Amino acid sequence: MQSKEEILDQLFELIRPYSEQPIEFSEQTRIMDDVGLDSMKVMELVMQIEDHFDVSVPLNILPDVNTIGEFANHLEKLLQDS
Amino acid sequence: MSILLDKFRLLEDKRAALVARSGEDPFHVVVEKVVSSTEAVVNGRKVIMVGTNNYLGLTFDPDCVAAACKATREEGTGTTGSRMANGSYAAHVALENELAAFFNCPAAIVFSTGYIANLGVLSTLTGPDDVILMDADCHASIYDGTRLGSAQVIRFRHNNIEDLEKRLQRLDEKASRTLVVVEGIYSMLGDRAPLREIVDVKHRYGASLLVDEAHSLGVLGEHGRGLVEETEVESEVDFITGTFSKSLGSIGGFCVSRFSELEHMRYAMRPYTFTASSSPSLIASTRQALQILSRGVDLRTKLWDNATRLHRGLTEMGFDLGAQISPVIAVKLPVEGDPTIMWGELLSQGIYVNLVLPPAAPGGNPMLRCSLSAAHSPEQIDAVLRAFAVVSEKLQLEHQS
């Protein structure tokens, strides 16, 4: 079972290539507003995250995901349930 | 101004900047006069329309026009009611029966638009315990249908069988409660789903399959039944949706299924229940067009001849095209250039095509999207090619500077 910190570190690495400017990533970093992903890129990212963690990530969670920390929370739960 | 409208300012600023650079406004195209199924007056210029999805050119077919006029005179301009209330006329039911017979299916439902058909089916067929596994390049109506419903939604990479299979495998026992959704011909690039392989995968995992034949109805298959007919998998595809607003030249949508129980879903679909049904004229012209489509081998031959002529010419000019020969031909433009200028250049040369900008353009390149019609003459296709030759020169100059 992966800890939330481990999940977060992997998320930072997966999201970093999308960032046009070098920014400090934290749990509070907002995926769209701070990193600059548009809705299409967010869906691309979801597919990458699915493949990286080998877990299904329904798009239905996206309205509740604003920050990287919130994504990590959802992912932690999805990994537990899988 | 209402504070509620503030959030659209950024969008408007972007539009204004594009228009200022190119002098053309692709977002406010007004067809001032329709001349024929392939010609119109746009922005004061007579142009050849090469972006209408009017694949068989039936919008001015004399029999379709006569049927629409007759129905208006006899049954009025609108039904003023939903299919569930007073809006199911005998002709709506007759069209459903004719569609079912055309597809060799036991059940068919007619909707007011193709968008509404996908909204109704995608939102209702699957529930909270089910999964929709859709090709990433699916049309907005499919995305919106999933958002209206309660199923879990997962995407697979466009036309990628390994990616589809990996995701089905990951779903484990939920795979048997999964609806895989693909399109016959994808609207932006004009490429086809690898349907034989998709059917094989769905069988292996016990999933269901829906194919949206919006751009392939009347275009593919000996009888025009789309990619499902062409691939010879008609008995293996569970649901087909489509539209009347392309090859059938009117407005409306449908779903057919190899399962007669599709009928049970009819009154559970909000987009079916809570909107007015199609007007008598639309139903009448669609019924007529369906007859023409089903025996329209000559129209399909003309359409594909036109597609081949344009595809060959554009390829010879060195354009990067989205896919193999198809009635949808997407010319990819460089990311760094100004696509609006190229689109405006075509318009000034008398050619209207669709300008597709990211994020609507798959892959991120802006595109000049052409759609062919059986009604185009070879001379019109040659005129389109001459206009693209001018664009090609401009692009080369842009690249050099």
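Predicted model: local features only at pLDDT ≥ 70, side-chain atom pairs only at ≥ 80, totals over all residues.
Local features need pLDDT of at least 70 and side-chain atom pairs count only at pLDDT 80 or more, while totals for chains, interfaces and linings use all residues. Residues are numbered from 1 along each chain as its sequence is written, with chains lettered from A and ligands numbered from 1 in the order in which they are written.

Strand 7 of chain B covers residues 178–183, and six of its six residues are buried, so the rest of the structure largely encloses it. Here, buried means 20 or more other C-beta atoms within 10 Å of a residue's own, exposed means 12 or fewer, and partly exposed is in between, with C-beta atoms placed from the backbone. Strands (E, at least two residues) and helices (H or I, at least four) are DSSP runs numbered from the N terminus. B:T178, B:V180 and B:V182 point one way from strand 7, B:L179, B:V181 and B:E183 point the other way, and all are buried.

Strand 7 of chain B has neighbours to pair with, pairing being at least two DSSP bridges between two strands. Strand 5 (residues 131–135) of chain B runs parallel to strand 7 over four bridges, and B:M134 has B:V181 as its bridge partner. Strand 8 (residues 208–212) of chain B is also parallel to strand 7, joined to it by five bridges; there, B:V180 is partnered by B:L209. To get from strand 7 to strand 8, the chain goes through helix 7 (residues 195–205) of chain B in a right-handed β-α-β crossover, that is, a path from the first strand over the helix to the second that runs clockwise with the strands pointing away from the viewer.

B:S187 sits in the loop between strand 7 and helix 7 of chain B. With 22 other C-beta atoms within 10 Å, B:S187 counts as buried. Leaving out residues up to four places away in sequence, B:S187 touches B:H139, B:A214, B:H215 and B:V328, contact being C-beta atoms, placed from the backbone, within 7 Å.

Helix 12 (residues 297–316) of chain B has its end C-alpha atoms 28 Å apart, which agrees with the 28 Å that its 20 residues should span at 1.5 Å a residue, the expected span being 1.5 Å times one less than the number of residues. Its buried residues include B:L299, B:L303 and B:L310. The buried residues of helix 12 pack against strand 11 (320–321), strand 12 (328–332), strand 15 (367–371) and helix 14 (378–400) of chain B. The face turned away from that buried side of helix 12 carries exposed B:V297, B:D298, B:T301 and B:E316.

Terms used. Contact = placed C-beta atoms within 7 Å.
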